[in-house]
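User: Could you walk me through reading the features of a protein model? I would like the general idea each time, then the case at hand.

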Amino acid sequence: MDIVRLQTVFGATGLHGGSVIDYVLNDPELSQQYRIRAITRNVDSEKAQQLKEKVEVVQGDVLSQFSLKEALNDAHTIFAMTTPTPDPDGLETEYQSAKTIADVTIEKGAEYIIFGTLPPVSEISGGKYTQVTPVEAKAQI
């Protein structure tokens with residue numbers, strides 16, 4: 001019998017994380033190798049309720065190591081992404097969210113972590129665009 005591994009997906013109720021879930025569920029090989037745990041801040045949202053029909057859904061907050069320790073328990077592969085924070089410290093907040101995910105992932109002993117990131121827009125634009133905080137945060141991650 002093949003071992004079914006646990007893949008956890010952040011951003012599960014959004015387009016990015018949701019598309020990862022759909023891909024794994026619809027792939028004949030991956031769907032046999034992985035069961036999915038969707039991580040969301042609000043397990044009572046309409047999208048989370050719809051996900052519960054297909055996958056396990058758990059609460060997890062990227063600003064809380066405690067909630068992530070439970071959400072990432074027994075995970076083999078983690079798909080992580082962060083969302084922009086619209087405040088003056090947005091870049092640092094988003095970076096710290098990713099760091100918390102990575103720290104807990106390492107602590108829990110997951111085999112793989114896949115981060116949804118972007119290249120630094122200020123660098124690739126030759127300094128023309130320097131205030132695209134959500135992209136710069138993902139580049140730092």
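This is a predicted model: local features need pLDDT of at least 70, side-chain atom pairs count only at pLDDT 80 or more; totals for chains, interfaces and linings use all residues.

User: Thanks! What is the strand order of the open sheet?

Analyst: Helices (H or I, at least four residues) and strands (E, at least two) are DSSP runs, numbered from the N terminus, and two strands pair if DSSP finds at least two bridges between them. Here five strands form an open sheet in the order S3-S2-S1-S4-S5, with parallel pairing. S3 and strand S5 (112-115) are the edge strands, each pairing on one side only. On average, neighbouring strands of this sheet are turned by 20° against each other, direction ignored; axes are lines fitted to C-alpha atoms, for helices over the stretch in contact, and angles run from 0 to 180 degrees between N-to-C directions.

User: How many bridges join S1 and S2?

Analyst: Strand S1 (residues 5-9) and S2 pair over five bridges, in the parallel sense. To find them in the viewer, start with Arg5, whose bridge partner in S2 is Tyr34. Leu6 has Arg35 as its bridge partner in S2, and Gln7 stands opposite Ile36 in S2. S1 also pairs with S4 in the parallel sense, over three bridges; there Val9 stands opposite Phe79 in S4.

User: And how does the chain cross from S2 to S3?

Analyst: The pairing of S2 with strand S3 (residues 56-59) is parallel, over four bridges, and the bridge partner of Ala38 in S3 is Val57. From S2 the chain passes through helix H3 (residues 46-51) to S3, a right-handed β-α-β crossover. The term right-handed means that, with the strands pointing away from the viewer, the path from the first strand over the helix to the second runs clockwise.

User: Are the strands S1 and S2 mostly covered or mostly open?

Analyst: Buried means under 20% relative accessible area, exposed over 50%, and partly exposed in between (1.4 Å probe, protein chains only). Both strands are mostly covered: S2 (residues 34-40) has six of its seven residues buried, and S1 has four of its five residues buried.

User: Which residues have the most contacts inside the largest nonpolar core?

Analyst: In soluble globular proteins, nonpolar side chains tend to be buried together. A nonpolar core is a set of buried Ala, Val, Leu, Ile, Met, Phe, Trp, Tyr and Cys residues joined through side-chain atoms within 4.5 Å. The largest one here has 27 residues, and those with the most contacts inside it are Phe10, Ile21, Ala38, Leu51, Val55 and Ile78. S2 gives the largest share of this core, four residues. For Phe10, contacts (heavy atoms within 4.5 Å), not counting residues up to four places away in sequence, include Gly17, Ile39, Leu68, Ile78 and Ile101.

User: What does helix H5 touch in the sheet?

Analyst: Helix H5 (residues 90-108) packs on the sheet, touching strand S4 (77-80) and S5, and its direction makes about 170° with that of S5. In helix H7 (residues 133-140), Val135, Glu136, Ala137 and Lys138 are buried. The buried residues of H7 pack against H5 and helix H6 (121-124).

User: Why does Ser67 count as buried, and why does Lys108 count as partly exposed?

Analyst: Ser67 counts as buried because its relative accessibility is 10%. Ser67 is found in helix H4 and touches Gln59, Gly60 and Asp61, not counting residues up to four places away in sequence. Lys108 counts as partly exposed because its relative accessibility is 32%. Lys108 is found in helix H5 and, leaving aside its neighbours within four places in sequence, is in contact with Lys69, Leu72 and Asn73.

Methods: Residues are numbered from 1 along each chain as its sequence is written. Side-chain values use heavy atoms; hydrogens and water are left out.
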